[in-house]
Amino acid sequence: MKDSSRMIKEATTKPMNLFDDDLAPRILPLFDEIIKKYGKKSFMWLGPRPQLLIMDPDLIKEVFSKVYLYQKPHRNPLALILVQGLVRYEEDKWAKHRKIVNPAFHLEKLKHMLPAFYLSCSEMLRKWEDVVPVGGSHEIDVWPHLQQLSCDVISRTAFGSSYEEGRKIFELQKEQAQHLTEAMQSVYIPGWRFLPTKRNRRMKEIKKDVRSSIRGIIDKRLKAMEAGNADNEDLLGIFLE
């Protein structure tokens, strides 16, 4: 954990080469170093547990397709504070939810979401045009804009008319992920998450707010469906149907 934190800190303090697409040394410097040193099939120890690193597409496909054979690793209990989904489910529960989710990603369903993509991109470009003088140039840090773009697109395609509420959920999840990252980069002490520290209180508060907001959006949509007033082309509508 110490090595990983130190290497991430060192990597992010250096400027990026604009023409270099090799992002691994910056994002996952520890893994990148291990793979370079020991090869594309190697492993490292996380305390008492080995972690296997594989980069062979056929092996990766096998792991992802045999969900009953390859169980998900035990994770830091803090990770459970994020809203869970397919990424955490196992065996029959995974299969059931995967079956529910799958139709939402058929090409015809995705075509209905193109206007949401277009609208979100147009809004982002409009913000850029507002800060760039006519006929002039201006430097823009695009990273926060691209983060916001992802948030807007997912909110619109997932929640449709409840887009603003969906955006708030993603903002809360983003904050939660930041708290979680900071917590997991320090040494984990069993039971520490139950202490009423400032960060622990905030993380519990976010979890409660997110679940409450999602439940509110679902209840509102169910009432609209009963009244025959719902447009169910978004992900939420597809799932509820």
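1. Buried denotes a relative accessible area under 20%, exposed over 50%, and partly exposed anything in between (1.4 Å probe, protein chains only). By this scale glutamate 91 is partly exposed, with a relative accessible area of 36%. Glutamate 91 has a positive phi of about 45° although it is not a glycine, and it lies in helix H5 (residues 91-101). Helices here are DSSP runs (H or I, at least four residues), numbered from the N terminus.

2. The model is predicted: local features need pLDDT of at least 70 and side-chain atom pairs count only at pLDDT 80 or more, while totals for chains, interfaces and linings use all residues. Residues are numbered from 1 along each chain as its sequence is written, and side-chain values use heavy atoms, with hydrogens and water left out.

3. A nonpolar core is a set of buried Ala, Val, Leu, Ile, Met, Phe, Trp, Tyr and Cys residues joined through side-chain atoms within 4.5 Å. The largest one has 13 residues, and Phe159, Ile169, Val210, Ile217, Leu235 and Leu236 have the most contacts inside it. Two or more residues each come from helices H8 (142-159), H9 (163-184), H10 (198-226) and H11 (235-240); H10 gives the largest share, four residues.

4. Contact means heavy atoms within 4.5 Å. Beyond its neighbours within four places in sequence, leucine 236 is in contact with Ala158, Phe159, Ile217, Ile218 and Arg221.

5. Residues of helix H7 that meet H8 include Phe117, Met124 and Trp128; on the H8 side, Leu146, Leu149 and Arg156 are among them.
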